[in-house]
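Hello,

Here is the structure for you to look over.

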Amino acid sequence: MDRPSDSYSQTLLKGRYRPGSVIGRGGMATVYRARDEQLGRDVAIKLFGAVPVGAESTPVFAAELRMLAALSHHGIVTLLDAGIDDSVPAEPHPYLIMELVTGPNLEEAIKAGVLSSRAIAEIGYDLAEALDYVHARGVVHRDLKPSNVMLVEYGTSDTRSRARLTDFGIAFDAAAALGPEETNTTGTAAYLSPEQVLRDLVGPASDVYALGLVLLECFTRHIEYPGDPSASAVSRLKTDPILPAELSTSWRSLLTAMLQRDPAQRPPTHDILLALRQIIIEESGRRRNRPAPIPIDETARMNAMRRYEPYARPGDEVFERVANLARRVADAPVAIVSMIDHDDIRFLAHPGTDIQGLARDDGLCSGVIADEQPWVVENCVLDPRSSEHGLVTGGFAMRFYAGVPIKSPEGYNVGVISVADFTPRTISEGQLESLVDLAALVTDELELKLASQQLRSELRQTTGDVPTPAVRYPHAV
């Protein structure tokens, strides 16, 4: 029989940890605020139910101990110590000594009030980062839910609270062979993945699904699949989650991907991190504070581009060198220097691909010249700007794109320098600035060719026919 909670006030576990008030209860354990009297600091004690005399610990305790002892990450509550309370010999209780974190759990925060889109993205980023870490070590949490997410306050006004993941009691090693007992449905019914409900093999994608439900709940402030455990579990096999109409396209794309019924269709945590990072940037106001793009004067833009047409020829050595420099600067397998015609995107150089051009509507370059700003798409599958483009959905399988406009001296966007990769990734500010510099070099080269032709024309008019000198002009590239 378990001892009453208040009986622990006189107990000194391991001669140093004194339990105090109860701060949480679960089906298998009670969590106390406690004092480490040896080091003079507050800790949390997770005390499990009594085990048979002679047994070392409960299976759940042993599993959580092994998992937590192997994990060290700022997004996970830290395990400090462990032991068995045998102060009552007939009722030994295993316990964990955990880092004490201050702040509410996410369930309490959701009930307390509306969370902003940026706050939800920051919470999701912290959790995805922790999951990315544990998944890389073969661990699947299997019980991600708002009450298992602590929002930690660090006590400074300019630092946001950080989400930290706790309670690895039913986590398991994904690389280990599953025994019959491990195919049972485990976890909290409202946050189970479809494969958990069906008792199929469970992997990292199950945590992705649960995280998707948690983030959705942050927006809606209600459990997506409520009811008794059986009805809640089965309902997700029949109906997909309902996304609020007011969600941005970025959020809608991400949550739709995370909440796919087929685990193979869900993005890995690394891709989720890139998508959430982009949402945070959008929500930070950087884009919101930009001047609204000036509508394209297509006639003036085409007039500027037509001036360059005789000199913007595919295969030109200078354009090839610029494209190869762009590829090296961005450490990308593909780079393209292109001119944007009324209906077509014409590639002047394209190291890394045999594609020589595209219809204007089929390339992301059209968005770059319309937006007046460089585009960085860190995950093409999850970004609504690119998710339906043929280069992403088709055999080319582009997953990263960055493009900067090539501007005429009057400021018209006549072309784009692009780099692409086949895995989601980021690009540094320095790399992006270098691409902008290379775009300026393309403009300089086109202007030099144009000026040279105009000079030859003027010489012909004054001195007669003058042959074109076979001279190479020096270039910075």
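Below are notes on a sheet and a helix pair.

Please keep in mind that this is a predicted model.

The sheet

Five strands make up an open sheet. Their order is β1-β2-β3-β5-β4. Pairing is antiparallel. β1 (17-25) and β4 (79-85) are the edge strands, each with pairing on one side only. From one strand to the next, the twist averages 30°.

Look at the β1 end of that order. There β1 pairs with β2, residues 29-36, in the antiparallel sense. Six bridges link the two strands. For a place to start, take R25: its bridge partner in β2 is T30.

The helix pair

Next, α7 and α8. Helix α7 covers residues 249-258, and helix α8 covers residues 269-283. Their axes lie 10 Å apart. The packing angle is about 160°. Angles over 145 degrees count as roughly antiparallel, and α7 and α8 are therefore roughly antiparallel to each other. The crossing of α7 past α8 is left-handed.

Which residues meet in this contact? From α7 come S250, W251, L254 and M258. From α8 come I272, A275, L276, I279 and E282. By class, the contact holds seven nonpolar residues, one polar and one charged.

Best wishes

Definitions and conventions. Residues numbered from 1 in each chain as written. Predicted model: local features only at pLDDT ≥ 70, side-chain atom pairs only at ≥ 80, totals over all residues. Heavy atoms only, no water. Pairing = 2+ DSSP bridges. Helix = DSSP H or I, 4+ residues; strand = E, 2+ residues; numbered from the N terminus. Axes fitted to C-alpha atoms, helices over the stretch in contact; angles between N-to-C directions. Parallel < 35°, antiparallel > 145°, perpendicular 65-115°, else oblique. Left-handed = near helix turned anticlockwise from the far one by under 90°. Contact = heavy atoms within 4.5 Å. Nonpolar A, V, L, I, M, F, W, Y, C, P; charged D, E, K, R; others polar.
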